[in-house]
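This report describes a single protein chain for a reader who is new to structural work. Please examine the sequence and the structure before reading on.

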Amino acid sequence: MIRFIYGDALADAPRLADSMFRDRAAQFRDRMGWDVTVDAQGRERDAYDDLNPLYVIWEGADGRHGGSMRFLPTLGPTMVNDHFGHLTGGVRIESPLIWECTRFCLAPGAEPRVAAALMLAGGEIMRGFAIEHFVGVFDARMVRIYGRIGASPEVLGSVGQGRSLVAVGLWSFSAAAQARVAAQAGIAPARSRAWFEAAFGPEAAPARAVA
């Protein structure tokens, strides 16, 4: 199932949170070779995890992390503005209607549908919080994943080719895109919406998001 959890509430789900940060270390440091910070307990965290982001997490039947994404409003600090401005020609992306999505992580051995389930949950955030776009930096590995699940972004800027590609993408929500992603996830949109409402209620508002 999908869980929507703000950073300051991760302590209420310690097994889920611990496995998420450990899986992030396994993906970004061990498999992809990124220069990330991993603590003595094997958990990958960065400064943006300290800003009370909203996490979308696939929770397995055992209570462990299966995949996740992290969201922050672009009116505050974001990776795309702080570190990847060269990909947008120096233009800062700042709007109350745009949130940044980062740290798209899949646990080792995750079910194929988890990536699509996470993107489906991202659509629920857009609908529930009246967000028009997500922005995020992605690499060549993600091009295939986004294409497979029917959630390819508009590319705002990029550098490199092939496996060295790094790009900034912009995602929007549409009923057609939701239907494609839901089909790939094998999850009915009504069920996805129920998970969102279980976290925020039927009339959600981003009151706790950092602005």
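Predicted model: local features only at pLDDT ≥ 70, side-chain atom pairs only at ≥ 80, totals over all residues.

H65 is buried, because its relative accessible area of 6% falls under the 20% limit that defines a buried residue. Beyond its neighbours within four places in sequence, H65 is in contact with L16, S19, M20, D23, I57, W58, C105 and A107. One of these contacts, S19, is 46 residues away from H65 in sequence, yet the two C-alpha atoms are 5.5 Å apart in space.

**Overall architecture**

The protein contains six helices and seven strands. Along the sequence, these elements follow the pattern β-α-β-β-α-β-α-β-α-β-β-α-α. The C-alpha trace spans about 40 × 40 × 35 Å along its principal axes. How does the radius of gyration of the protein agree with that of a compact globule? A compact globule of 211 residues would have a radius of gyration near 17 Å, and the protein, with 16 Å, agrees with this value.

Buried residues make up 52% of the 211 residues. Among contacts with a separation of 6 or more, 70% are between residues 24 or more positions apart. The protein exposes about 9,700 Å², and carbon and sulfur atoms supply 53% of this area.

**Individual residues**

| Residue | Relative accessible area | Class |
|---|---|---|
| E124 | 0% | buried |
| H65 | 6% | buried |
| N52 | 18% | buried |
| A130 | 52% | exposed |
| A40 | 79% | exposed |

E124 is found in helix α3. Is E124 buried or exposed? With a relative accessibility of 0%, E124 counts as buried. Leaving out residues up to four places away in sequence, E124 touches F4, Q178, P189, S192, R193 and F196.

A40 is situated in the loop between α1 (14-31) and β2 (54-59). Its relative accessible area is 79%, so A40 is exposed. A40 and F173 are 133 residues apart along the chain, and their C-alpha atoms are separated by 39 Å.

N52 also has its place in the loop between α1 and β2. Although N52 is not a glycine, it has a positive phi of about 55°. N52 is buried, with a relative accessible area of 18%.

A130 lies in the loop between α3 and β5. This residue is not a glycine, but it has a positive phi of about 55°. A130 counts as exposed, since its relative accessibility of 52% is over the 50% limit for that class.

**The largest pocket**

Rolling a probe the size of a water molecule over the atoms shows where empty space is left. What is the volume of the largest pocket? The largest pocket has a volume of about 850 Å³. It is lined by 46 residues, of which C101, G136, V137, Y146 and W171 are the closest to its centre. Elements that give two or more residues to this lining include the strands β3 (65-73), β4 (98-106), β5 (133-139) and β7 (166-172). The helices α2 (79-83), α3 (113-129), α4 (140-149) and α5 (175-185) also give two or more residues each. By residue class, the lining of the largest pocket divides into 26 nonpolar, eleven polar and nine charged residues.

Terms used. Residues numbered from 1 in each chain as written. Heavy atoms only, no water. 1 Å grid on protein atoms, 1.4 Å probe; cavity = no way out; pocket = protein on both sides within 12 Å on 5 of 7 lines; lining within 4 Å. Points joined across faces, edges and corners; volume = space filled by probe spheres on them. Helix = DSSP H or I, 4+ residues; strand = E, 2+ residues; numbered from the N terminus. Nonpolar A, V, L, I, M, F, W, Y, C, P; charged D, E, K, R; others polar. Rg over C-alpha atoms; globule rule 2.2 N^0.38 Å. Buried < 20%, exposed > 50% of the residue type's maximum accessible area, 1.4 Å probe, protein only. Contact = heavy atoms within 4.5 Å. Areas by Shrake-Rupley, 256 points an atom, 1.4 Å probe, with all protein chains shown as cover.
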